[in-house]
Amino acid sequence: MNQKNEIDQVWHNDKHLLRLRINKADLEIYEIFCPSLDDSAECKNSHGDCMVQWFISRFGMDCNGGVCGAEEDLQICWTLMGDKENLESSQLWFMPFKDEVFQAWLVSNEP
Ligand SMILES: [Zn+2]
């Protein structure tokens, strides 16, 4: 993964949350929490679908670009590469909010 290119994207820090559990040998995402009730929120497309939920429910941890300790509730930041009206040909990445490298970058880029 090319971290620099991805980190140049616009990252949304809007409190999306993954609820995780361990099931035998697998780490499962059993809930993807979207904080946005408003259909005009950044994470929604024109159908009112949350892109974060759309991608992570299909691709799970394959969308993750970061490293952090295991937690039941994992707060994430996300970015979309592509067009939110054409999700099939786009890619969403998320980073755990507590990823140390990412968090240092976030803080240094605060307005
Ligand atoms: Zn959302």
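## Pairing of strands

Two strands are taken to pair if DSSP finds at least two bridges between them. In this predicted model, Met 81 has Gln 91 in S4 as its bridge partner, and this contact between residues belongs to the antiparallel pairing of S3 with S4, which extends over six bridges.

## The sheet as a whole

The four strands form an open sheet in the order S2-S1-S3-S4, and their pairing is antiparallel. Because strand S2 (26-33) and strand S4 (91-96) stand at the edges and each has a single partner strand, one side of each is left without a neighbour in the sheet. From one strand to the next, the twist averages 45 degrees.

## Strand S1 and its two partners

Strand S1, which covers residues 12-23, is joined to S2 by seven bridges, and these two strands run antiparallel. Along this pairing, Leu 20 stands opposite Ile 29 in S2.

S1 also pairs with S3, again in the antiparallel sense, over five bridges. Here Arg 19 is found opposite Asp 73 in S3.

Helix H2, made up of residues 51-59, lies across S1, S2, strand S3 (73-81) and S4. Relative to S2, which is one of the edge strands, helix H2 runs at about 160 degrees.

Conventions:
Residues numbered from 1 in each chain as written. Predicted model: local features only at pLDDT ≥ 70, side-chain atom pairs only at ≥ 80, totals over all residues. Axes fitted to C-alpha atoms, helices over the stretch in contact; angles between N-to-C directions. Contact = placed C-beta atoms within 7 Å.
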